[in-house]
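Please have the sequence and the structure at hand while reading.

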Amino acid sequence: MRALVYHGPKNVSVDDVPDARIERPTDALVRITTTNICGSDLHMYEGRTDVEQGKVLGHENLGEVIEVGAGVDRVKVGDMVCLPFNIGCGFCKNCEAGLTGFCLTANPGSAGAAYGYADMGPYNGGQAELLRVPYADWNALVLPEDAREKENDYVMLSDILPTGYHGTELAQVGIGDSVAIWGAGPVGLMAAMSARLRGAGQVLVVDRQPDRLKLVEALDATPIDDSAGDAVQQILDATRGEGVDRGVEAVGYQAHDHQGQEKPGMTINSLIQAVRPTGRIGVVGVFVPEDPSASDELAKEGRFAFDFGTFFFKGQSMGTGQANVKKYNRQLRNLIHRDKLNPGLIVSHELNLDQAAEGYQRFDDREDGWTKVLLHP
Ligand SMILES: NC(=O)c1ccc[n+]([C@@H]2O[C@H](COP(=O)([O-])OP(=O)(O)OC[C@H]3O[C@@H](n4cnc5c(N)ncnc54)[C@H](O)[C@@H]3O)[C@@H](O)[C@H]2O)c1
Ligand SMILES: [Zn+2]
Ligand SMILES: [Zn+2]
């Protein structure tokens, strides 16, 4: 089969690799029809993880089931399915509690498995013609009859929509709340959409990319351009000096100032300033325990100076981590089916699998207008 293979920093190509196949009775085999490039893939693409060469990337996958193992009961050949980026087992302590981002079975010795991702188990990704889906009855979300026609919306259920939603859940966004979101990439935009869905009264989104800030407006939220002035001050001004009730971090450890200088702590410390006393912060941007290619010594060990004094003094609290996609994807699917949500509106490019390397490069360069790239194998 054809698949997008990681060969080293900024070096990916679409190669012929052995077909994905059923390996265990609980597996399903899916022919991928849409698979996205994610901001999380860029951490690997830029050589900022220890992902192994030869790995097939791709964790935002949707397609048709073409074969099931003997132990699969619920999922049928012909079903259109969207796969959560997390691979869970369904029977460990964490999966039982709905914490499927931290499965204790699928990636032994660690908590959490995913397709085509560094440190998330031996699974290949779905930027390929075929994908092996472990524990298929547990993991596959079966889509309704409009799956084909709303494929660009449903594919967002694999990651960024539930992840954006998870950010607002960790921050406990509720009716009437004011919310500040750092990052207007796909995850930040989905957090803005989710905050609206949960009844937030005011949604402010910080970035400096004009095309992305324009999408913030399209989502009925307020863009905050931090290249035009201090973002925290702009948020305090917009909330009569009070600060926002809730904050969401949707940038991650490669946060940088608008000149491009990396400062991994800048978004978290800004959130601590911008959120009101006793407010809550949800962190879904990825942070890593080790980052050997980081520019400063602390960051190499996954650390940064954290304004803990202010955080404590303000009585704030914070939730973090990978999104437990399965906790939300069914409900969000139903909203897409009923035309209440259209996350596909952020899609900027649809490419063939053979154009994937170019898609990576242009998305990574943040070329104007390259917001969300979908591949159709
Ligand atoms: N927790 C999870 O389960 C999960 C799932 C998917 C993605 N993620 C992570 O979420 C983060 C965002 O993903 P994405 O796909 O939107 O990525 P992206 O790279 O497309 O977007 C990041 C955005 O942040 C902006 N940015 C950078 N530094 C900033 C700063 N200091 N202040 C404000 N904005 C800044 C960039 O201009 C860009 O628009 C990544 O770290 C990704 O790995 C986490
Ligand atoms: Zn993703
Ligand atoms: Zn599990």
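How do the residues of the shell around ligand 1 divide into nonpolar, polar and charged?

## The shell around ligand 1

In this predicted model, the residues of the shell around ligand 1 comprise 14 nonpolar, 13 polar and five charged ones. Ligand 1 is surrounded by 32 residues, and the closest are Gly 39, Ser 40, Gly 185, Val 187 and Gly 252. Two or more residues of the shell come from each of helix 1 (39–45), helix 6, strand 9 (202–207) and helix 9 (266–274), with helix 1 giving the most, namely four residues.

In the contact between the domains, 17 residues of domain 1 meet 17 residues of domain 2. On the side of domain 1 that touches domain 2, helix 1 again gives the most, here with three residues, and by class this side has six nonpolar, seven polar and four charged residues.

## The enclosed helix 5

Helix 5 (residues 160–170) is largely enclosed by the rest of the structure, because 11 of its 11 residues are buried; among them are Ile 160, Tyr 165, His 166 and Glu 169. The cover over these buried residues includes helix 6 (186–197), strand 11 (244–249), strand 12 (275–283), strand 13 (317–320) and helix 12 (329–337). Helix 5 is followed by Gln 172, which has a positive phi, near 55°.

Key:
Residues numbered from 1 in each chain as written. Chains lettered and ligands numbered in written order. Predicted model: local features only at pLDDT ≥ 70, side-chain atom pairs only at ≥ 80, totals over all residues. Buried ≥ 20, exposed ≤ 12 C-beta atoms within 10 Å, placed from the backbone. Contact = placed C-beta atoms within 7 Å. Near = placed C-beta within 6 Å. Nonpolar A, V, L, I, M, F, W, Y, C, P; charged D, E, K, R; others polar.
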